[in-house]
Amino acid sequence: MTINSIVLAGNSADDPSDDLEAEPVEAPLQVVPVATTTTVVGTPTLRVVDPRSAAKAATELGALKGVDLDPDTLRRLLMCCVEPDGFRVTRHRTGTGWLSIIETRQFVTLFTLTPSNDRLGDQLIYAADPSFDAKTVKMDGRRIGHIAVPMPESDGMYAKLVYTATKDTLLEATDRNCQAVRKDNPQHDIGPDIIHRSLTTVFTTLRYTGGTNELEQVSVDGNSRLASAYAQIKIDPRWLPQRLRKQYEDDECPMLLPSMLMDCDLNERRDLTRKIIKANEDRLALPVGKSLKDLKERNRAVCALNALTAPVQVIVGYEDDDPETHGVTRFASAVRSLLVRMNVGVKTFDTGAQNAVMAEEIVLAAQQSGHFDEDQVELLIGREDVSEVMEAYGLDPDLRDLRAMMVISLCSVNSAKLNKPMREKFGKRKVMLSHRSAVASELVLRSYGAVMSSNDLERSRTALNSGCIWQSLVDHPWRPAMINDDDSVDLVLKLALKELAPVGDKEVVTGEPGRYARLLGVLGMVALVIGGGLTSPKGSSEKEVNDLIDRSSVASIVDKLTNFPWGLRMLAENIKRNRAGTSLLGIRVPDGTTDIETFDDATASVTARDARLRHAVRIAVQGSAEKTAASAEENAFNELCRKIVHADEAFQNYRAIRSQNPSPELMPFHQTDGPIKKLEVMAKALNRMTAEDHEQ
């Protein structure tokens, strides 16, 4: 088969003015041999496996203990390998059982990235958002935007996953993942060198709604390496099947994208792989020129061949701890549990994405233990339209705060079946409020991705993560309610005020906050955080009010507000305002007084609103106090202690993730030296500030 682009490259004359010495940084690259096959002249080459050889090897692989894939899938696996032989099955532990894995080397063009990249889990638009369709559907009905694809399910018979969505959704999501990791975590050594660290893949059925089922092998870990490999491979549109050429013909040499591969069947991809090999090997077989242009062309060909293969760990089986009860139904959860453990290196998950993964794992594990039913799981995870579920509870699906109310209610239940997966995922002996808040915050925000900017989402995430569940929500009963309009809000306010039983003009509280106060507090907290009236405590906030403020968590602030009639009224008013999209009602203490008053200022900043509210809460709880050097030092020390506690929680979380590996390697010195020295310097300085304790 003649490839015209290679003929053109071979006929290009050397430019005498194009001197290599003018670009000393350009150096010739070399193809790294990855196969034992050679040409007649002894040059290493790549060859796509013959189908008959693959079928024979597939039969041998299927006979190994621990392999649980159907013959067609095994045959596809072997047809993707560079050299399909010498397989050995190893077992990897997950939370619910053992995954069986084989290691081999495959052509990157014959598998692809996952459609669901959990590294972007905190940046996606979820179907639970009432504005999902308005923000993610083009005029022609095609999906656009950072869409959270539905959760993968277990195949039920084999060690395979199943994604169900439109083809446009899955292809665009996979391309987005590829472009995102290529930008955020590029692997610059891929191309000049081969991929050394293995990718982990799993076989997946892409069940296109209204279409067909397509079998794919997708990555579980290693997306950035795979995307960086694709970046080194350029395609001549004439190499593609006739039906696909038109959409790429405007680009003379388009970069490889997952959608380009996923639009081809396996035979077409194998043919494309052959053409990539031939084009680049033919280019390197041409006489070496002296021009910089020739060197760059040769280096591009080397990079394409080096990037064309990758070492792969393929998940081929699963053994559940309770096979009689679950079979392989927990396979999807077992695969997802690899994500956090496998992303603890240089480019770890962001906290939000990590919490998003763990939140889903906790919800699914609680469902498997019988704690959550299917409707509750659908509402919590929010990857599919939750309108019917919300309506079944009698809730208006267009009111985002009502779903948030349900999420916080379900996450605050003190149940052994819920606490167990929380302890396991966070690596703790006891479930703390911070763990419940981490889970709830990510699930709550899945209703807001289409209507909030990334900055506002991150501000809200930080605020809710500081604590969005307080102790009385866990210790005392309260139930969500059908608060679908302003009259319902007013009724809950009336009942909450009755619980406090205020007496006299000064409304001296004689009762205690009850279920209605807690209900109002949850909805009010969501309104304050989302609307920009309450955020995580900041060191500069006291400058806004020129006085001390209450620096406790968001949950603690709201819990304290429910102890005061003015606090309950403010919460109720802001629930209505946030739903209507108008500016929040603020709280402040006039200078030199201890009076709490409301104010209406649409131009107030988030920082100012937060500082005034925290100041008012401190005054209401503690009374006024002069700001002194001693109080400033005390506040600074308390802030330091909070940061140390958070650092310890992060360290314990890392240890828990690391401990899931039976034999973790020691960390490199350059990675730990900086943090260790900082901790040692801090400890020495703090010891010098500490008086000796003479008591024994």
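Visitor: Is H24 largely enclosed by the rest of the structure or exposed, and how many of its residues are buried?
Guide: In this predicted model, six of the eight residues of H24 are buried, so the helix is largely enclosed by the rest of the structure.

Visitor: Which residues of H24 are buried?
Guide: The buried residues of H24 are Val554, Ala555, Ser556, Ile557, Val558 and Leu561.

Visitor: And what do those buried residues pack against?
Guide: They pack against four helices, namely H19 (454–465), H22, H25 and H26 (606–622).

Visitor: Take H22, then: at what angle do H22 and H24 pack?
Guide: Helix H22, which covers residues 515–531, and helix H24, which covers residues 554–561, pack at an angle of about 125°, and their axes are 10 Å apart. The two helices are therefore oblique to each other, and their crossing is right-handed.

Visitor: Which residues make that contact?
Guide: On the H22 side the contact is made by Gly521, Met525, Leu528 and Val529, and on the H24 side by Val554, Val558 and Leu561. Sorted by class, the contact of H22 with H24 has six nonpolar residues, one polar residue and no charged ones. Val554, Val558 and Leu561 are also among the buried residues of H24.

Visitor: You mentioned H25 as well; how do H21 and H25 pack?
Guide: Helix H21 (residues 486–500) and helix H25 (residues 565–580) pack at an angle of about 170°, with their axes 10 Å apart. That angle is over 145 degrees, and H21 and H25 are therefore roughly antiparallel to each other. H21 passes H25 in a right-handed crossing.

Visitor: What residues are in that contact, and how do they divide by class?
Guide: From H21 the contact takes in Asp486, Val489, Asp490, Leu493, Ala496, Leu497 and Leu500, while from H25 it takes in Pro565, Leu568, Arg569, Ala572, Ile575, Lys576 and Arg579. The residues of this contact divide into nine nonpolar, no polar and five charged.

Visitor: Switching to strands: is S2 mostly covered or exposed?
Guide: Strand S2, which runs over residues 97–107, is mostly covered, with nine of its 11 residues buried.

Visitor: What does S2 pair with?
Guide: S2 pairs with strand S1 (residues 90–93) in the antiparallel sense over four bridges, and a hairpin joins S1 to S2 through three residues. Within that pairing, Arg91 has Ser100 of S2 as its bridge partner. S2 is also joined to strand S7 (residues 309–320) by 11 bridges, and those two strands run antiparallel.

Visitor: What is Ser259 in contact with, leaving aside its neighbours within four places in sequence?
Guide: With those neighbours left aside, Ser259 is in contact with Leu171, Asp175 and Tyr248.

Visitor: Last one, on the whole protein: how many helices and strands are there, and what share of the residues is buried?
Guide: The protein has 28 helices and 11 strands, and buried residues make up 51% of its 696 residues. Among the contacts in the protein with a separation of 6 or more, 71% are accounted for by residues 24 or more positions apart.

How values were computed. Residues are numbered from 1 along each chain as its sequence is written. This is a predicted model: local features need pLDDT of at least 70, side-chain atom pairs count only at pLDDT 80 or more; totals for chains, interfaces and linings use all residues. Side-chain values use heavy atoms; hydrogens and water are left out. Axes are lines fitted to C-alpha atoms, for helices over the stretch in contact, and angles run from 0 to 180 degrees between N-to-C directions. Angles under 35 degrees count as roughly parallel, over 145 as roughly antiparallel, 65 to 115 as roughly perpendicular and the rest as oblique. A crossing is left-handed if the near helix is turned anticlockwise from the far one by less than a right angle, and right-handed if clockwise. Contact means heavy atoms within 4.5 Å. Ala, Val, Leu, Ile, Met, Phe, Trp, Tyr, Cys and Pro count as nonpolar, Asp, Glu, Lys and Arg as charged, and the others, Gly among them, as polar. Buried means under 20% relative accessible area, exposed over 50%, partly exposed in between (1.4 Å probe, protein chains only). Two strands pair if DSSP finds at least two bridges between them.
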